[in-house]
Amino acid sequence: MQDAANSWLAGGYRMTDLLVRNARLVAVMDAERTEIAGGWVAVTGGLVSGVGPAGSEPAGAARTVDAADCLVTPGLVNTHHHLYQNLTRAFGPALDGNLFDWLRTLYPLWARLDEEAAHVSAWVGLAELALSGCTTSTDHLYVHPVGGGDLISAEIAAATDLGMRFHPTRGSMSLGEKDGGLPPDSVVQTDDVILAESERLVAAHHDPSPGSMVRIGLAPCSPFSVSTELMTATAELAERLDVRLHTHLAEDVGEDAFCLEMFGMRPVDYFEHCGWGTDRSWIAHCVQPNAAEISRLGRWGTGVAHCPSSNMILGAGMAPVRELRAAGVPVGLGVDGSASADSGSMWTEVRNAMLMARLRDGQAGRGSLFTAREALAMATRGGASCLGRAGEIGELTVGACGDIAVWRLDGVAFAGAWSDPVEAWLRCGPLSAHHTIVAGRLVVEDGELRTSGTEQMLRDHRRIAEAMQA
C-alpha cells in the first residue's frame, strides 16, 4: 500500500492537498479489510493519493488534519432517500395504518412540492447527512406536481452548494387513482412526459467520468404507482443512456397482494418481467422476498438498499440481510425519507442495521452474529456497489475518491472502549462525524457545517413545511 502511495507521489503529481494523520485506526475498507493503527490518508486532486502507517506520511501537505483519538473510515454512502419528505417529518396522522395508508395520508401534502421546496429540503437533508459522516447520497424524487418546475435540478443545485457527491434519480408515477393506482391523479404524469424528462435530465447533469460529483438514475416509484409499459420503457432507456435503475420492491406484504391481483405475479417476478433483472438495478427495502427470489437477485447482481429505521417505524418487517449477502446480492444502506425514518443520520442506519440483523438472526451460534464491521462494509463498499461505483467510493485505496469520515472516540461515551475502535464507534454512540471530507474538501469540520447560510435555510424550511402541513 505504501509502494502505491510512493508511486503516485513520484509520478509528477502536485504536493498533497490534504493529509489526515495520527488516527487511532484507519479502516481502509479495501478487499482485504485492511486496518492501520496510527495510520494516515492523503488526498491529492480530489483522489486518495496515499494511505499508510505512522512515520511514512508524505511531507509538505497543504492542509493537515490531526485525527488523534479518532477512527477514520471512508465516507458513508446513502443508497435510498426521499429528501423532500423532511418537510413532513414525524407527521403523526400518517402512522395510523400500514404502508399504503401512510402514503395515502401524505400524498396530498407532497402534491404542494415546487422548486423552492425541493431545493430547501434537499439542502437541509444533505446537510444532515454530511453531519452524520455521509459523503455520497442518492435521492428518489417521484412526486412531480403539475406546475412544480424542475425539481431534480433544484436538488442538484443544493448538493453543489454544499459540496456533496450526489446521485439523484428521476422518479415517476404514472398510475393514478383513476387507473387503479395509489397516488392522487394530481401528482402523476404520462409515460411520454416521464421518459422525455428522464432523458433531458441525463443529458443536462449526468457525469459518467471517474470521480464525478453528479450522476443521474431513472426510478419509477413502485409497482403500484406506474404502468407496466413505463417500467419496461424505462429499463430500455437506461440501457441506451447507460445509467442506473432504481425502484421500491418487496417492501410490504400489501405489495405482494397488489401485484398478484394486478399482474398475476409476485413483485420480483414482475420486476424481471419488465426487464429489470440486471446488475444495472438496485431496489429499496426488499423486506419480503422468498428464498428463490433472493437467489435470483444474487444471480442478476441487483443491489438492495436496506433501510432498517424506516422498516421498523412502518412495521414493514426485518429484511433478510444475511441471506441476501450470502446469495451475492450487493447490499447498501439507506436512511429513506424523513417522513418514515424521520432521522436522516447514516450513522443511525449503520447501528440499526447491526442491531436488527442480530435481533433477526438470534443466537445462531457463537461468532456468527452480525458485527459492526459488517455494518460498516454495507455502508461503504456495499453502497458503492449499489450505485455502480465499486472501487471508486466507499474505500480509502489509492485512486479512489477522497471521501473520508473522521469520528472522535473520546469523552464520556467512550470511556473504557479501548479494545476495538470499530465496535466502539457503532456500539457507544450516538455519534456524529467530527470531520466529513468530500473530494478532499472539508464539508463538516469540528462537527459543524463549513458552508454559510444554514440558519436562513432552516427558516425557509420551516416556512415551507408549515405551509405544506397547514
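This is a predicted model: local features need pLDDT of at least 70, side-chain atom pairs count only at pLDDT 80 or more; totals for chains, interfaces and linings use all residues.
Biologist: Which strands stand at the edges of the open sheet of four strands, and why is one side of each left without a neighbour?

Modeller: The four strands of this open sheet follow the order S5-S4-S1-S6, with mixed pairing. Each edge strand has a single partner strand, so one side of it is left without a neighbour in the sheet. From one strand to the next, the twist averages 15°. The edge strands are S5 (47-52) and S6 (63-66).

Biologist: Which residue in S5 is the bridge partner of valine 43?

Modeller: Strand S4 covers residues 40-44 and pairs with S5 over five bridges, in the antiparallel sense. For valine 43, the bridge partner in S5 is valine 48.

Biologist: Turning to the sheet of seven strands, which are its edge strands?

Modeller: This sheet is open as well, its pairing is mixed, and its order reads S3-S2-S7-S16-S17-S18-S19. The edge strands pair on one side only, and they are S3 (35-37) and S19 (448-449).

Biologist: Within that sheet, which residue in S18 stands opposite isoleucine 437?

Modeller: Strand S17 (residues 435-438) and strand S18 (residues 441-445) run antiparallel and are joined by three bridges. Opposite isoleucine 437, the residue that stands in S18 is leucine 442.

Biologist: Which helix gives the most residues to the lining of the largest cavity?

Modeller: The structure holds three cavities of 30 Å³ or more, and in the largest of them lies about 130 Å³ of space. Its lining consists of 19 residues, of which Leu99, Trp102, Leu103, His248 and Glu251 are the closest to the centre. The greatest contribution to this lining, four residues, comes from helix H2 (residues 99-110).

Biologist: How many residues of that lining are nonpolar, polar and charged?

Modeller: The count covers the residues that line the largest cavity, among them Leu99 and Glu251. By class, these residues divide into eight nonpolar, nine polar and two charged.

Biologist: Which helix gives the most to the lining of the second largest cavity?

Modeller: About 60 Å³ of space lies in the second largest cavity, and the residues lining it include His306, Met318, Arg322, Met356 and Asp361. The elements that give two or more residues to this lining are helix H11 (321-326) and helix H12 (346-361). With five residues, the helix that gives the most is H12.

Biologist: How many charged residues does the lining of the second largest cavity have?

Modeller: Residues of this lining include Ala353, Ala357 and Arg360. By class, the lining has six nonpolar residues and one polar residue, and its charged residues number three.

How values were computed:
Residues are numbered from 1 along each chain as its sequence is written. Side-chain values use heavy atoms; hydrogens and water are left out. Two strands pair if DSSP finds at least two bridges between them. Axes are lines fitted to C-alpha atoms, for helices over the stretch in contact, and angles run from 0 to 180 degrees between N-to-C directions. On a 1 Å grid over the protein atoms alone, a cavity is a set of points where a 1.4 Å probe fits but cannot get out, and a pocket is an open set with protein on both sides within 12 Å along at least five of seven lines; lining residues have an atom within 4 Å of a point. Grid points are joined across faces, edges and corners, and a volume is the space filled by probe spheres set on the points. Ala, Val, Leu, Ile, Met, Phe, Trp, Tyr, Cys and Pro count as nonpolar, Asp, Glu, Lys and Arg as charged, and the others, Gly among them, as polar.
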